[in-house]
Amino acid sequence: MAVLEGSSGQVVTTDDSGGAETAVANVRSWTVTHEKAAIETTKMGDGSRTYISGLHQFSGSMEVIYDDTATGLGIFDPSIDSTLRVIFRTTTTASKPQYEGDVIVTSVARTASFDDLVTATVDFQGTGPLIESTTS
């Protein structure tokens, strides 16, 4: 596997899997965490804890340079109750990893500092599976 460098990463939204894509402008970074629950099955008399595999889930965040006229940022609003289909790309180069799934926006935090740009951090909770594939 080749080492990837993140400066050409991308976040896009789409109506559904394979639909027309809209790139989210000004993304600085993104994080997607994929987790699996471990369900404890330990009972009295066992010498060590035991577990079985549970359900998967994913969540994450992205940081963008805040620009209220930028493409795509307005849809990341926690007051909107619908889910979004989002694709997180490690790069726009073909045949590289990407992660896709439906998300619910849980928060948006805007940060201003005297010596930096105003940024917004968008937190989300995945609903349904996280699909790992490659860019086309």
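Is Thr-13 buried or exposed? At 9% relative accessibility, Thr-13 counts as buried, because the cut-off for that class is under 20% relative accessible area. The model is a predicted one.

**Largest pocket**

- The volume of the largest pocket is about 210 Å³.
- Its lining is made up of 15 residues. Those nearest the centre of the pocket are Gly-6, Gly-9, Gln-10, Trp-30 and Arg-89.
- By class, the lining of this pocket holds five nonpolar, seven polar and three charged residues.
- Strand 1 (10-14) and strand 3 (27-40) each contribute at least two residues to the lining. The most comes from strand 3, which gives four residues.

**Largest nonpolar core**

- The largest nonpolar core has 16 residues, and Met-62, Phe-76 and Val-86 are the ones that touch the most other members.
- At least two residues of this core come from each of strand 4 (51-65), strand 5 (84-89), strand 6 and strand 7. Strand 7 gives the most, with four residues.
- Beyond its neighbours within four places in sequence, Phe-76 is in contact with Thr-13, Val-24, Met-62, Leu-84, Val-86, Val-105, Val-108 and Val-122.

**Buried residues in strands**

- Thr-13 is part of strand 1. The C-alpha atoms of Thr-13 and Val-27 are separated by 13 Å, and the two residues are 14 residues apart along the chain.
- Glu-100 belongs to strand 6 (residues 97-111). With 8% relative accessibility, Glu-100 counts as buried, because buried means under 20% relative accessible area.
- The side chain of Glu-100 makes a polar contact of 3.1 Å with the side chain of Arg-85.
- Thr-119 is located in strand 7 (residues 119-134), and its relative accessible area of 6% makes Thr-119 buried.
- Setting aside neighbours within four places in sequence, Thr-119 contacts Arg-28, Glu-63, Val-64, Ile-65, Tyr-66, Ala-109, Arg-110 and Thr-111.

- Asn-26 is not a glycine, yet has a positive phi of about 65°. Asn-26 sits in the loop between strand 2 (21-23) and strand 3. Its relative accessibility of 31% places Asn-26 among partly exposed residues.
- Ser-95, likewise a residue other than glycine, has a positive phi near 65°. Ser-95 is placed in the loop between strand 5 and strand 6.
- Ser-95 has a relative accessible area of 54% and is therefore exposed, the cut-off for that class being over 50%.

- Thr-134 lies in strand 7 and counts as partly exposed at 47% relative accessibility.
- Thr-134 and Tyr-99 are 35 residues apart along the chain, and their C-alpha atoms are separated by 8.2 Å.
- Not counting residues up to four places away in sequence, Thr-134 touches Ser-95, Lys-96, Pro-97 and Gln-98.
- Leu-117 is in the loop between strand 6 and strand 7. Its relative accessible area is 48%, so Leu-117 is partly exposed.
- Apart from neighbours within four places in sequence, Leu-117 is in contact with Ile-65 and Thr-111. Ile-65 and Thr-111 are also contacts of Thr-119.
- Leu-117 and Gly-47 are 70 residues apart in sequence, and the distance from C-alpha to C-alpha is 55 Å.

Note on methods
Residues numbered from 1 in each chain as written. Predicted model: local features only at pLDDT ≥ 70, side-chain atom pairs only at ≥ 80, totals over all residues. Heavy atoms only, no water. 1 Å grid on protein atoms, 1.4 Å probe; cavity = no way out; pocket = protein on both sides within 12 Å on 5 of 7 lines; lining within 4 Å. Points joined across faces, edges and corners; volume = space filled by probe spheres on them. Nonpolar A, V, L, I, M, F, W, Y, C, P; charged D, E, K, R; others polar. Buried < 20%, exposed > 50% of the residue type's maximum accessible area, 1.4 Å probe, protein only. Polar contact = N/O pair within 3.5 Å; in protein donor to acceptor, adjacent residues only side chain to side chain. Contact = heavy atoms within 4.5 Å. Core = buried A, V, L, I, M, F, W, Y, C linked by side-chain atoms within 4.5 Å.
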